[in-house]
Amino acid sequence: DGIIGAGAGQIPGNATILSAELTFVAADPSGAAATLSVHRMLRTWVETDTWNTLGSGIGIDDSEASIATDSTLGSGLDLIDTPVTITALGPAVQAWVDGSANNGWLLVIDNTNGWDARSSEDSTVTWRPKLDVTYAVGPLTLEVNSTSDSGDSNPGDAVCDTGFNNSQGDPQCTLRAALEEANAFAGADNITFNMPTTETGHSGGVWTITPNPTLDPISTTMTIDASTQPGWASTPVVEISGVDAPIGTAGLTITGDNSEIRGLAINRFDDDGILVQNGASGTVIAGNHLGTDPSGMVDRGNKDRGIDHTTGSGPTTVGGTNAADRNLISGNDNDGIVVWESDGNTIINNFVGTDVTGNAPLPNTADGVVLGGTSSNNTVGQPGYGNVLSGNGHDGLELDTDLTGNVIQGNTMGLGADGTTIV
């Protein structure tokens, strides 16, 4: 009791438990082969309780103690004055951190010889029971330092490390590994970039990552900010290329809430550049080039949409009020942005269908922006922060007939960002 809190020796209430193990020293060993099982206590008790005061012991019945075991130990129980350690107790401690009642554990041995352990009052301090807990307190900052594509060696340990080294001999953190670690670790994590120019994916001031297989979906809250890569000025210098990705793969898929994608060029995927799936809300997509090269001048289209908001997703913010928030969504083989049965999205201050200047065409093959189905309460453009929806193969903006409550204002179609150039 009392292991959760803000004091010295306590586990913070917002911690993510990485591991927990309990060490005992036997005072009277079992004397024979035995297995010790660890069950979570479900009823309260006090230090002075005995077999009799507990009503002839504790029932392993999901009332007094859980039937399921938290861990087992099958060796070392026949040794005296020798530490034995019970591992894999992290999930139980995490449950206590997350608010479940902490009534400790019931230890049960499966032979008739019994097993007695030294207590916390033992005169030899090193023989007293000890609970060792390793934890991390988020958010994590995971720094990508390689263009390679290896996965994380131990997702959930709060360290982005593939087990290899990058081109400078440092422990390697790839985008894939960072995503795996962030997804495994609770909290609003940050993925930043600091890749050396000696990486094999670097050329001409651009670092290109070519994932294969498909990158894991973004399932928890995180920020992926490629504008942190040294060399970034106003356009992306980190490119995620789909040239090696499997058929039907999107560049990034978002399934969780409150994530932000910033500063990337995402191109040449067989599906969408960014796919926002059912249930994902609070997403921010800003400062990216979706369907072009990092310079924003060359068509490297994704084979479907630049951004696809699917049924049940939203709200999502695409763009923003600052110039650095502007997305360039051009060159894609279908529409630039699709909002389908998705509500409450805000799309402002983007160039859709032009090059990075906003004054020359770099078309999406179909429409610039599509509001489809019964999508409602979406905002496309605001006064002073309208989108340039010019240069596309079909419509700048397509609206289905069953829409309700959408606001469209301040956008430019047919002209460039300068308001005079025909695009």
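A: A pocket, as the word is used here, is an open set of grid points with protein on both sides within 12 Å along at least five of seven lines, and its lining residues have an atom within 4 Å of a point. The model is a predicted one, and in it the largest pocket holds about 1400 Å³ of space. Its lining is made up of 35 residues, and those that lie nearest the centre of this pocket are Phe24, Trp45, Trp105, Leu106 and Leu107. Sorted by class, the lining of the largest pocket comprises 20 nonpolar, eight polar and seven charged residues.

Turning to the elements behind this lining, at least two residues each are supplied by strand S1 (15-28), strand S2 (36-41), strand S5 (105-109), strand S6 (116-117) and strand S7 (130-137), and S5 gives the largest share, with five residues. In the loop between helix H1 (90-97) and S5 sits Asn103, which counts as buried because its relative accessibility is 13%, under the 20% that sets the limit for buried residues. Leaving aside residues up to four places away in sequence, Asn103 touches Met41, Leu42, Arg43, Thr44 and Trp45, and Trp45 is also one of the residues nearest the centre of the largest pocket.

For comparison, the second largest pocket has a volume of about 290 Å³ and a lining of 17 residues, with Ser234, Thr235, Ala323, Ala324 and Arg326 nearest its centre; by class, that lining has eight nonpolar, seven polar and two charged residues.

Terms used: Residues are numbered from 1 along each chain as its sequence is written. This is a predicted model: local features need pLDDT of at least 70, side-chain atom pairs count only at pLDDT 80 or more; totals for chains, interfaces and linings use all residues. Side-chain values use heavy atoms; hydrogens and water are left out. On a 1 Å grid over the protein atoms alone, a cavity is a set of points where a 1.4 Å probe fits but cannot get out, and a pocket is an open set with protein on both sides within 12 Å along at least five of seven lines; lining residues have an atom within 4 Å of a point. Grid points are joined across faces, edges and corners, and a volume is the space filled by probe spheres set on the points. Helices (H or I, at least four residues) and strands (E, at least two) are DSSP runs, numbered from the N terminus. Ala, Val, Leu, Ile, Met, Phe, Trp, Tyr, Cys and Pro count as nonpolar, Asp, Glu, Lys and Arg as charged, and the others, Gly among them, as polar. Buried means under 20% relative accessible area, exposed over 50%, partly exposed in between (1.4 Å probe, protein chains only). Contact means heavy atoms within 4.5 Å.
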